[in-house]
Amino acid sequence: MATQMQNVYYTKFFILSIYCWILVASLSGDTEDSKHICEDQESCRKCITASPQCYWCTKENYASMRCNQKEKHIANGCNDFNDPQYTITSIEDEKVRDGSTTKKAVVMQPQKIHLRIRPHQTVEIPFKFYQTKDSAVDMFFLIDISKTMEKYITELANVSIHLVESLQNMTGSFRVGAGVFVEKPVLPFVLVQGKDDIWKKVDTYRLVTKLTQDAKEFKGTIKKLHSFTTNNADIPEAGLEAMMQAVVCEENVGWRNESRKIIIYCSDAPFHYAGDGLLAGAVIPNDGHCRMGGTKRNIYQEAEIQDYPSIQQIANALSLKQVTTIFAVASKEYIHLYEKLSRKIESSYVSEFNSETSTIADIITDSYKNISSSVTMAVSNKGINITFFAKCDGKNWTKTKTCDGIKHSSVIEFKAVLTAGDCSQKQNQTITINPSGVKGKLEIQVEHICDCDCDKILNSSQCSGRGTEKCGDCICNKGFTGIICECTEEESLNIGNSTEKCKMDNSSEVCSNRGKCTCGKCLCNRKSSNKMNLYRGKFCECDDFSCPLLKRSLCGGPSRGSCVCGKCDCKSNYTGDDCGCPKTNDSCLSENNTICNNHGSCSCGVCTCDSTSGYTGPTCEIPSTCLNKCPVNLDCMLCAKSKNTSECYTKCKDMLFEEVDSLDKVTGKLCKLINELCVIEYKCVIENGMEFLKIRKKDKCTKKRDKTKLIGGIIGGILAVGIILLLLWKLVSMSLDYREMARFRKERTDAVWNTQTNPLFQPATTEHVNPAFKKMD
């Protein structure tokens, strides 16, 4: 058990290590990408819009790249940056409160802010949500009145007064209304009844009663719905088309501006959506406008003309009007369909009801309790990435946009983490954050910082007195051109495409192929692999990064020399192409203060020990073990063959080891070690004052017998012999059987049978003669 737990622990540790490595690698990659993104920008505007990690240096006469990361600028001596930071300015910031007769409720704080932000920058915007104590509620019932819904309509009528009264006790101001729907009144969606009455009149959507506080009026209206029930030809209904009219016809229904709007959608059938209306000739797409005008203001007028709305149209309309929807489905068969629909619509819920398990009053009451005690934040603008965090428990931040179990008169803290887009989008945008189903919002006016805010210096000396300096760049006056406005346009035209002034000689490339010729002068490029390295010189002939490396540093590093125009400029104590040779022999002195211990010569600060001296080491002071016999080097050789190099340096006593293909050309005594079926050969030699153990890569080995194959061969042989013996026995037995059968057949053929008569035998028939019978002549 302990071993199993240990394995589990190691597995988890391994997975965690890999995850951490990937995370660090990705962060490093991001940093490296930001570095290269910054280096590629040539203007202040491009610099600040490329990445939040890019800073633009505004220092005059700055030789390095102006767009880079902050730490790079500081290292290069620039402390003057153009790095605009985000700012949040509050425009409307009323404190949250309950509503009254004179003041409306405030559920979001602040209500409007202005955000100035750099592209790709991330910012946190804190805000509060207040769950009001007595909020106004408008509840509208949208009821399917097909024949199969009659029992549910009766149930709703019976509990209507109790339902309204219980909901009025749960909120401050409650109003209720109802509308009904069936289908488009055209073939093939309706039934043909007879010649005179082609079909019974069917309304796609009818407003039965506006929102009212009178429970008795509502009950009377619901009771009358039995007179409207009808049949249609297909199973789906026009519920979404009816819902669209119920939402957008605000004046007809009587929706209040400050109320929590709830639609109770009751049906036992699926729904039609965009495209289904083409079967009936309704080819005009649904426009999402209120079409209940004219003489019949309570009936939808364009059902025969316009198609059904799409699911996205319904979702947008409900979100825009901040309507919460409860789908009360009276059929288990279609629960899954409405759950899929609910996932497309913000602030929507699905409940199943039937008379056996729960009444419609129970469902509506429970649903309202859940809705009124929860809040979900929604965003109107989808173009900017926003993540929500909330203190639902009042203590800890959680990544969520929904909080449940909220008590009345309580305040919930939220924060929106917003990441801005780039300047290819609109520079000014408005984002709206609103709690679903509740009147209230936070409006964020976003201004993208797409340009640098720098002071302009007219006729700056940095621009040759011929232009305006802004953020370190030159904007040349009319008639002048060049990086620092060094040329007149006339000079530029006179020079034209001539590049002779940018060549070192006739055989040279223009600007040494390291820059471009402008106004007869070379503007040198930066090295493509590392843009911190700049070519220089009148013809861009020089660079300070192509000198030889010593110990991975140009010219051995600053302590030995520096790279100047492609050559090492060594310090006074060093010489050589890479400043690798000290001019003194101090590094060759041994402990007895002699050069190479008098057993070698010093060249370029390194001792070369005499091969016959028997000494080795940096200063030829270590007696060689190669002069001794083979067993002395045995441990070193075995360690080298095991590939465990970390331990070999100790066992080899500073001796170097190397595996070679052949020892034929290596001088020295040949040593052998017999290891099981192999012979390992090696030699110890002295080269350049250092001891080397040369080991043959391939050992001379005799083939080792494979016990598994041997045992397998024996077993296979025994089985083969057994099978052969069985076959021989079968052949012999078959041969004997054949011979016996042949003899039996022969005896049957040769047998002779004698016919004899039984004296006791009596025939089965007798013959009688009729004495009266006379033969005819």
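1. Let me begin with Tyr334. Leaving aside residues up to four places away in sequence, Tyr334 touches Ile235, Asp268, Ala269, Pro270 and Val329. Please keep in mind throughout that this is a predicted model.

2. Where does Tyr334 sit? Its place is the loop between E12 and helix H9, the latter spanning 335-344. Tyr334 has a relative accessible area of 15%, and since buried means under 20%, it is therefore classed as buried. If you are looking along the chain from there, Glu352 is 18 residues from Tyr334 in sequence, with 9.6 Å between their C-alpha atoms.

3. For the overall picture, the protein has 14 helices and 42 strands. Of its 777 residues, 39% are buried. Among contacts in the protein with a separation of 6 or more, 59% join residues 24 or more positions apart.

4. Now to the largest nonpolar core, which has 38 residues. The members that touch the most others in this core are Met139, Phe141, Ile143, Ile222, Ile264 and Ile364. At least two core residues come from each of strand E8 (136-144), helix H4 (150-170), strand E9 (173-181), helix H5 (215-223), strand E11 (260-267), strand E12 (323-329) and helix H10 (360-372). H4 gives the largest share, 8 residues.

5. My last point is a helix pair. The axes of helix H6 (residues 239-248) and helix H8 (residues 311-321) come within 10 Å of each other and cross at roughly 25°. Angles under 35 degrees count as roughly parallel, so that label applies to H6 and H8. The crossing of H6 past H8 is left-handed.

6. Which residues make up that contact between H6 and H8? From H6 come Leu240, Met243, Met244 and Val247, and they meet Ile311, Gln313, Ile314, Ala317, Leu318 and Lys321 of H8. By type, the residues of this contact are 8 nonpolar, 1 polar and 1 charged.

Key: Residues numbered from 1 in each chain as written. Predicted model: local features only at pLDDT ≥ 70, side-chain atom pairs only at ≥ 80, totals over all residues. Heavy atoms only, no water. Axes fitted to C-alpha atoms, helices over the stretch in contact; angles between N-to-C directions. Helix = DSSP H or I, 4+ residues; strand = E, 2+ residues; numbered from the N terminus. Parallel < 35°, antiparallel > 145°, perpendicular 65-115°, else oblique. Left-handed = near helix turned anticlockwise from the far one by under 90°. Contact = heavy atoms within 4.5 Å. Nonpolar A, V, L, I, M, F, W, Y, C, P; charged D, E, K, R; others polar. Core = buried A, V, L, I, M, F, W, Y, C linked by side-chain atoms within 4.5 Å. Buried < 20%, exposed > 50% of the residue type's maximum accessible area, 1.4 Å probe, protein only.
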